[in-house]
Amino acid sequence: EEVVTDYLTIVSGIRQADIESEDAMTFDDCRVTVLEIFSGKVVIGHALKNDFRALNITHPWYLTRDTAKFEPFMKPSREDESILLPRKLKVLAELKLGM
């Protein structure tokens, strides 16, 4: 485990007090719970590798749907249009959901 230096509260909604609360789940309990929930299920998200890395978990590629890697949602690189790059989730939400 590493020391948290920035909770990114504006994005995550998590505060230091939430983590230090007596009601807070331990990291290991969280990992186990997430693995149990994900077991045998399709996981859908954006840039999932970051979340998987943070939790030190893996999930079968054939049960993963990542909007950051879905080619129709990607944008061409400015340097080489044959190279596709992921869009930010905020941009995807604007384009696809009008948010």
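The paragraphs below go through this predicted model from its aromatic pairs to its loops.

Residues are numbered from 1 along each chain as its sequence is written, and side-chain values use heavy atoms, with hydrogens and water left out. Because the model is predicted, local features need pLDDT of at least 70 and side-chain atom pairs count only at pLDDT 80 or more, while totals for chains, interfaces and linings use all residues.

Rings of Phe, Tyr and Trp (for Trp, its six-membered ring) form a pair if their centres lie within 6.5 Å; planes under 30 degrees apart count as stacked, over 60 as edge-to-face, and the rest as tilted. This rule gives 3 aromatic pairs. One of them joins F38 and F52, with 6.3 Å from centre to centre and 70 degrees between the planes, which is edge-to-face. The pair links distant parts of the chain: F38 belongs to helix α3 (residues 27–38) and F52 to helix α4 (residues 48–55), 14 residues apart. Helices (H or I, at least four residues) and strands (E, at least two) are DSSP runs, numbered from the N terminus.

F52 is buried, because its relative accessible area is 11%. F38 has a value of 22% and is therefore partly exposed. Another edge-to-face pair is made by F70 and F73, so called because the ring centres are 4.9 Å apart and the planes stand at 85 degrees. F70 has 42% relative accessibility, so this residue counts as partly exposed. F73 is also partly exposed, because its value is 21%.

The next stop is the surface. L8, I10 and V11 make a nonpolar surface patch of about 390 Å². Patches are made of residues with over 30% relative accessible area and no salt bridge; like charges are joined within 9 Å, and nonpolar side chains (Val, Leu, Ile, Met, Phe, Trp, Tyr) within 5 Å. A salt bridge is a side-chain nitrogen of Lys or Arg within 4 Å of a carboxyl oxygen of Asp or Glu. Accessible areas come from the Shrake-Rupley method with a 1.4 Å probe, and for residues only the protein chains shown count as cover. I10 counts as exposed because its relative accessibility is 85%.

Two histidines come next. H59 sits in the loop between α4 and β2 (64–66), and H59 is buried because its relative accessible area is 16%. Which backbone oxygen does the side chain of H59 reach at 2.8 Å? The oxygen belongs to K41. The H59 side chain also reaches the backbone oxygen of L63, at 3.5 Å. These are polar contacts (N or O atoms within 3.5 Å; within protein, one must be able to donate a hydrogen and the other to accept it, and residues adjacent in sequence count only if both atoms are side-chain atoms). Contact in general means heavy atoms within 4.5 Å. Leaving aside neighbours within four places in sequence, H59 is in contact with F38, K41, V43, F52 and T64. F38 and F52 are the edge-to-face pair described above.

H46 lies in the loop between β1 (43–45) and α4. The side chain of H46 reaches the backbone oxygen of R87 at 3.3 Å. With neighbours within four places in sequence left aside, the contacts of H46 include D51, D66, R87 and L92.

The backbone has some points to note as well. Most residues other than glycine have a negative phi. A47, although not a glycine, has a positive phi of about 55 degrees. A47 lies in the loop between β1 and α4, and A47 counts as partly exposed because its relative accessibility is 21%. N56 is not a glycine and has a positive phi of about 55 degrees. N56 lies in the loop between α4 and β2, and its relative accessibility of 57% is why N56 counts as exposed.

S39 lies in the loop between α3 and β1, and S39 is exposed because its relative accessible area is 52%. S39 and L63 are 24 residues apart in sequence and 9.5 Å apart in space, C-alpha to C-alpha. A24 is placed in the loop between α2 (16–20) and α3. A24 and G98 are 74 residues apart in sequence and 35 Å apart in space, C-alpha to C-alpha.

Key
Buried < 20%, exposed > 50% of the residue type's maximum accessible area, 1.4 Å probe, protein only.
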